[in-house]
Amino acid sequence: MAGRLSDGGNAVECSSYDLRAGCVVPDLNEPNVRDKVTTFHTIRDALDSVSGRSRDVIAVLPDAAGRVVLLDFETLPSNRQEAEAVVRFRLKKSLPFDVDKARVSYHAHPAAGGVRVVAAVALTSIIEEYEAVFRDAGYSPGFVLPSMLAALGAADASKPALVVKVDERTTSIVILHQEQVLLFRTLENSHGVGITGDQLAEEIYPSVVFFQDTYHLNIDKIFVAGVPSMGEATPALRAQTGAQVVELVGALQFDETASSIPRWRMAGIVGALAS
């Protein structure tokens, strides 16, 4: 899938080309792009239909290809290289691969008398696989984002909000408040996009309880992405939390080109464009 902001900047123009199963298999350690030729052709066709003359793109990667980790520090060095070294040292304890062979990107902000870091990390070899097929297709991936982090750009984080995004392999759960990330979890999803509302409510329950116990606040709104039908998910999530439940990506965010494209699959693209 590919998308761009319309010339007026108030809607997303998008295209969808299905990638044959097995061409890309997201994984933290193993090669992801299994069929480079088919993948680059599919990327080229999708981007050519919306890109115009621009060749600069944001590449949104599957969540299973990397990790997002929250880290708390008392302080961080003001020097960026020294700070990254401290972040990398802490990441060593929480990753199933060698952080010295990985790319790390992070954002730090004040939190609870210290510093909270939101770090995105993936093996350099895996990121380079994705970058290579974009370049083979004639495009320059200036930014590379995990899908869930990209999707957060579409969420209103002024009040306590839970964002849940489902794909074929993972269920990602994020809690936001006052434009800050307070919780980030990515779970294995054995149900795929066919996960039921009750199963999804069960997945988010431990995160909701942790948030309530830690911050003494209630979730105000739940944003859902990756679920084909909200009919079953909405009542189950509302019953679990009492919160308002809405789609993360709404119909009004798209122009007429998206009428046949399942918007529940577009959260990463819309969020990246909105950021």
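Predicted model: local features only at pLDDT ≥ 70, side-chain atom pairs only at ≥ 80, totals over all residues.
Biologist: Let's start with the open sheet of 3 strands. What is its strand order, and how do the strands pair?

Modeller: The order is β4-β6-β5, and the pairing is antiparallel.

Biologist: Why are β4 and β5 said to stand at the edges?

Modeller: β4 (67-73) and β5 (102-111) each have a single partner strand, so one side of each has no neighbour in the sheet. From one strand to the next, the twist averages 20 degrees.

Biologist: How do you know that β5 and β6 pair?

Modeller: Pairing needs at least two bridges between the strands. Between β5 and β6 (residues 114-123) there are 10 bridges, and the two strands run antiparallel. Because 10 bridges meet the requirement of at least two, the two count as paired. You can find A108 standing opposite V117 in β6.

Biologist: Which helix packs on this sheet?

Modeller: That is helix α2 (residues 80-91), which touches β4, β5 and β6. The direction of α2 makes about 105 degrees with that of β5.

Biologist: R88 sits in helix α2. What makes R88 buried rather than exposed?

Modeller: A residue is called buried when its relative accessible area is under 20%. R88 has 17%, so with the cut-off at 20% R88 is buried.

Biologist: And how do you know that R88 makes a polar contact with V99?

Modeller: A polar atom of the R88 side chain lies 2.6 Å from the backbone oxygen of V99. The cut-off for a polar contact is 3.5 Å, so a distance of 2.6 Å is within it. Leaving aside neighbours within four places in sequence, R88 is in contact with V99, D100, A102, R103 and V104.

Biologist: How many bridges join β8 to β9?

Modeller: There are 6, and these two strands run antiparallel. V166 has T171 in β9 as its bridge partner.

Biologist: Let's turn to the largest pocket. How much space lies in it, and which residues lie nearest its centre?

Modeller: The space is about 1600 Å³. The lining has 48 residues, and M1, V60, P62, R265 and I269 lie nearest the centre. Among the elements giving two or more residues to the lining are β1 (2-5), α1 (36-48) and α7 (267-274). β3 gives the most, with 6 residues.

Biologist: Why is α7 called largely enclosed?

Modeller: Because 6 of its 8 residues are buried, the rest of the structure largely encloses α7. The buried residues are A267, G268, I269, V270, G271 and A272.

Technical notes. Residues numbered from 1 in each chain as written. Heavy atoms only, no water. Helix = DSSP H or I, 4+ residues; strand = E, 2+ residues; numbered from the N terminus. Axes fitted to C-alpha atoms, helices over the stretch in contact; angles between N-to-C directions. Contact = heavy atoms within 4.5 Å. Buried < 20%, exposed > 50% of the residue type's maximum accessible area, 1.4 Å probe, protein only. Polar contact = N/O pair within 3.5 Å; in protein donor to acceptor, adjacent residues only side chain to side chain. 1 Å grid on protein atoms, 1.4 Å probe; cavity = no way out; pocket = protein on both sides within 12 Å on 5 of 7 lines; lining within 4 Å. Points joined across faces, edges and corners; volume = space filled by probe spheres on them.
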